[in-house]
Amino acid sequence: MADRLIIFDTTLRDGEQVPGCQLNSIEKIEVAKALEGLGVDVIEAGFPVSSHGDFNSVVEISKAVVWPVICALTRAVEKDIEVAAEALRYAKRARIHTGIGVSDYHIRYKFNATRDQILERAVACVKYAKRFVEDVEFYAEDAGRADNAFLAQVLEAVIKAGATVVNIPDTTGYCLPDAYGAKIKYIADNVTNIDKAIISTHCHNDLGMATANTVQGILNGARQAEVTVNGIGERAGNTSLEEIAVIFRSHKEAGIETNVDARKIYGVSRMVSSLMNMPVQPNKAVVGRNAFAHSSGIHQDGVLKNRESYEIIDPRDVGIDDSAIVLTARSGRAALKHRLHILGVDLEQDKLDKAYAGFLELADRKKDVNDDDLLMLVGKDRTAMHRIKLEHLQVTSGIGLQSMASVCLNLSGVRRCEAAAGNGPVDAGIKAVKKAISNSEMTIQEFLIQAINKGSDDTGKVHMQVEYKGNVYYGFSANTDIIAASVEAFVDAINRFIV
Ligand code: KIV
Ligand code: ZN
């Protein structure tokens, strides 16, 4: 019989630490419910002491989600642990995830401490967390670069203090797969009470080895994997959930199984990408746009004769359905509801009506409306709370013409219209917006336009980074008109700091 691997998803904690990926509580609940539907065992819902937003999200996710364990992160600090316990009060099954750095880099430079002092703090934080919850996970931060003997000493002590899970993070993504696997084996062989706890992997992708390291960790005894949807996370990201789930589905000989319902992977991947404004790289394993696209003649021929000639995963097994209904202007509300459901979005009637109206409008401009378009449409609701709304935009541009734009903004109920010239239509539109808000102190740091699929009628997505008074803010929009999307993304960004 295969061994069960616990899937611990940290999309809403480590994943959400990515600049520009922050979600509001409603969006986090949506993601948490999708993770529950996917079959994730543990959801790390946030770091409650870090902000009111994180605290509230842990509270609301605890209420909304029934089956998975809800986990909250803390430092080895009593106040953090008290706040986490308070945030978890509605969780049906609660876990506190506490820990401290154990590499000499962390001990010396981060804590200015000795190994003995770190050992003492590690035990103390687990004991303190145990006062509030039974299930306590200990993370040995930067375990990837820590001395194995000291690491084993710390783990033995925290398990004795009551830790139910011991997390071995390769915080900096430094380890080679063999070395990480050997570290897990060392722990399994040398921590005398390891049978009382589950070993967990937590790998970062700085050298592109997060998934390989996680696999080696599991093959050497770890039975929990910490992952994020689409591999998002700080810097180069974390191990991706979909890769781990599909690797062990494809390699049955490894004797590992998860509870992940693989057919829901694609929908959840798209939902997270859309809500977090984080495009999935086209060649991303399992969920990238090109993951199943065979372009060379030889490959196409082989796949047509027998899919398995070049495909080791059937795209339908991960929820990518070639024969998915393509929605057009003639599709009804039921078809839209059904497609959104497949994508993990279930809307109440009034929201569905609104989405349907938006869909018809888009379908008039675009022949086929695809999954990404639909997720964009649903996501548009997010701008409803904006104080500054772009109500009108008109541009003239062309070769040999001076670009001009006129905009009308709704500034908390007051309409202001302005016009400006620029070196192109986007420049003109943004200058007109700056005039309308009487503020031109912000500068654009990054500006990315991306088509979702193909065709000149495609939707363009725009990501923008805007700097204002030393801080960076992120804006996003999607529109079949890329000039409109660009100005909308700018307005989205300025809504984050102009209050
Ligand atoms: O990467 C890391 O070390 C972490 C811990 C806080 C678990 O995210
Ligand atoms: Zn991490």
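What follows is a working chat about a predicted model of a protein with a ligand.

Me: Before we start, what are the ground rules for this model?
Reply: This is a predicted model, in which local features need pLDDT of at least 70 and side-chain atom pairs count only at pLDDT 80 or more, while totals for chains, interfaces and linings use all residues. Residues are numbered from 1 along each chain as its sequence is written, chains are lettered from A and ligands numbered from 1 in the order in which they are written, and side-chain values use heavy atoms, with hydrogens and water left out.

Me: OK, how many helices and strands does the protein have?
Reply: The protein has 16 helices and 16 strands, where helices (H or I, at least four residues) and strands (E, at least two) are DSSP runs numbered from the N terminus. Its radius of gyration is 25 Å, close to the 23 Å that the globule rule gives for 499 residues, so the protein is as compact as a globular protein of that length; the radius is taken over C-alpha atoms, and the rule is 2.2 Å times the number of residues to the power 0.38.

Me: And what does the C-alpha trace span along its principal axes?
Reply: The C-alpha trace spans about 75 × 60 × 45 Å. Buried residues make up 55% of the 499 residues, with buried meaning under 20% relative accessible area, exposed over 50%, and partly exposed in between (1.4 Å probe, protein chains only).

Me: Switching to the ligand, which residues are around ligand 1?
Reply: The residues around ligand 1 are R13, D14, H97, Y139, E141, N167, P169, T171, H202 and H204, a residue being near when one of its heavy atoms lies within 4 Å. They divide into 2 nonpolar, 5 polar and 3 charged; here Ala, Val, Leu, Ile, Met, Phe, Trp, Tyr, Cys and Pro count as nonpolar, Asp, Glu, Lys and Arg as charged, and the others, Gly among them, as polar.

Me: Which strands each supply at least two residues of that shell?
Reply: Those are β6 (135–141) and β7 (165–170).

Me: What are the distances from the side chains of R13, D14 and T171 to ligand 1?
Reply: A polar side-chain atom of R13 lies 2.9 Å from an oxygen atom of ligand 1, an N or O atom in the D14 side chain is 3.1 Å from a ligand oxygen, and for T171 the corresponding distance is 2.7 Å. Taken alone, ligand 1 exposes 260 Å², and the protein buries 92% of that; accessible areas come from the Shrake-Rupley method with a 1.4 Å probe, and for residues only the protein chains shown count as cover.

Me: You listed N167 in the shell; where does N167 lie, and is it buried or exposed?
Reply: N167 lies in strand β7 and is buried, with a relative accessible area of 1%. Its side chain is joined to that of H97 by a polar contact of 3.2 Å, a polar contact being a pair of N or O atoms within 3.5 Å; within protein, one must be able to donate a hydrogen and the other to accept it, and residues adjacent in sequence count only if both atoms are side-chain atoms.

Me: What about Y180, where is that found?
Reply: Y180 is found in helix α7 (residues 177–190) and is buried, with a relative accessible area of 0%. Leaving aside neighbours within four places in sequence, Y180 is in contact with residues including I168, D170, H202 and N213, contact meaning heavy atoms within 4.5 Å.

Me: N213 makes me think of α8; which residues of α8 are buried?
Reply: In α8, A210, T211, N213, T214, V215, G217 and I218 are buried. That is 7 of the 10 residues of the helix (residues 210–219), so α8 is largely enclosed by the rest of the structure. What covers these buried residues includes β7, α7 and β8 (198–203).

Me: Last topic, what is phi for S412 and S438?
Reply: Phi of S412 is near 50 degrees, a positive value in a residue other than glycine, and S438, which is not a glycine, has a positive phi of about 50 degrees.
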